Amino acid sequence: MQVLYGRHHVRVFRFGLRLVRDEQLAEDLISEVFLDVWRQAGKFEGLSAVSTWLLAITRFKALSALRRRKDAELDEESVGSIEDTSDDPEVTVQKKDTGSALRRCLNKLSAEHREIVDLVYYHEKSVEEVAGIVGIPENTVKTRLFYARKKLAELLKESGIERGWP
Amino acid sequence: MMAASRKIMEQEPSDIELLLPWHAAGTLSARDSRKVDEALARNPELARHYAVIREEYAETIDLNESLGAPSARAMQKLFAAIDAEPARRARSYGSLASRFAGFFAGLSPRTLAWSASLGAFALVLQAGLVGMLLMSRGPASFETASFSNNASVTRDLGAAASPHALVRFAPDARLGDIAALLDKYQASIAEGPKEGMFGLRFANTATSRDEFSGLLSRLQREKIVSLAVATP
């Protein structure tokens, strides 16, 4: 378990943190995820990568945690569509830098869009693996990422950055 | 060019266009990857779109890497929870062992290689903890079952005083690097972490003060070591 934890806990933490946006909660998630793994090791049949299995459990736990949060009181669907439109004090400076603006706009995507962008780009999951983690058909995975990227381009455009796409 | 891009967006995206992000991440099958490569070679507009995706890919990685790592609290909480389940573990030890055998069979060779080095580190750490336990009990002694007098039949097994230092590792030090460093210096972790410092015990007990001072200097120059000081 220590080996497994050492290998995967940082990525599990980052994936959870991007979903729940609360470090304390994301740390609690890690414990819950790996405890579930400890309890359910027999259910792992080696049909997918261990990391894919862990991310699927993390996603489920994160959504459950968000639903439990009293202050949120949102169902999964509305959590998925929520967007963070707040600016931070560094925005003015960052707007001049495409890389910073991109990162800022990535944070502004809805949870549903953030999730798919992270799974494909950061966690390097294939179409099939993302479909397994999120629980949607493979074609939906492709179109969801396409529209996530389109939304990202719109947010960048609002920040005054044109990238030639779309 | 911008107008042409907009025209593409207004249409349904092509299959190839939808696959571009996975091509950038290197997670497409060889067949799909070849199809995308061919399309990129003959379609400059698609190639420009791909450049935009590469930028998104790089920034997404940067963003995630900037999130840092969880504190030790998460690990402590996890292992406390596992320790709280002794009955279940004891009852199903056999099946659990076989389940984990299957579980680790699912790991990739790269993961297994990494795990092996981590396992080696765990062994070193365990050895250090056992050493610390022995030291905390004072000089160990051996007694026969029939004669508990602590006089002549006991044999002192206490370790000769070995060089000892406190070390703080760099925040980005990896377990594999630490294990390699311990191996290089023939050291083991005897205690810690306490306020971020680990107590290291060195195997060579015959080291003179000057030699030990030189060893500490070399240790301090290691990339993964932030601080190394001798302890009395």
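## A helix pair in chain A

In which sense, right-handed or left-handed, does H1(A) cross H7(A)? The crossing is right-handed. A crossing counts as right-handed if the near helix is turned clockwise from the far one by less than a right angle, and as left-handed if anticlockwise. The model is predicted: local features need pLDDT of at least 70, side-chain atom pairs count only at pLDDT 80 or more, and totals for chains, interfaces and linings use all residues. Residues are numbered from 1 along each chain as its sequence is written, while chains are lettered from A and ligands numbered from 1 in the order in which they are written.

Helix H1 of chain A covers residues 2-20, and helix H7 of chain A covers residues 111-122. Helices (H or I, at least four residues) and strands (E, at least two) are DSSP runs, numbered from the N terminus. The two helices pack at about 160 degrees, with axes 9 Å apart. Axes are lines fitted to C-alpha atoms, for helices over the stretch in contact, and angles run from 0 to 180 degrees between N-to-C directions. H1(A) and H7(A) are therefore roughly antiparallel, a label for angles over 145 degrees.

## Where the helices meet

H1(A) brings Phe15(A), Arg18(A) and Leu19(A) to the contact. H7(A) brings Ala111(A), Arg114(A), Glu115(A) and Asp118(A). Contact requires C-beta atoms, placed from the backbone, within 7 Å. Three of these residues are nonpolar, none is polar and four are charged. Nonpolar covers Ala, Val, Leu, Ile, Met, Phe, Trp, Tyr, Cys and Pro; charged covers Asp, Glu, Lys and Arg; polar covers the others, Gly among them.

## A sheet in chain B

Chain B holds an open sheet of four strands, in the order E2-E3-E1-E4 with antiparallel pairing. Two strands pair if DSSP finds at least two bridges between them. E2 (187-194) and E4 (225-230) are the edge strands, each pairing on one side only. Neighbouring strands are turned by 25 degrees against each other on average, direction ignored.

## Around strand E3

E2(B) pairs with E3(B), residues 197-202, over five bridges. Lys194(B) has Met197(B) as its bridge partner, and Ala187(B) stands opposite Phe202(B). E1(B) pairs with E3(B) over four bridges. There, His164(B) stands opposite Arg201(B).

Five of the six residues of E3(B) are buried, so this strand is largely enclosed by the rest of the structure. Buried means 20 or more other C-beta atoms within 10 Å of the residue's own, with C-beta atoms placed from the backbone.

How values were computed:
Parallel < 35°, antiparallel > 145°, perpendicular 65-115°, else oblique. Contact = placed C-beta atoms within 7 Å. Buried ≥ 20, exposed ≤ 12 C-beta atoms within 10 Å, placed from the backbone.
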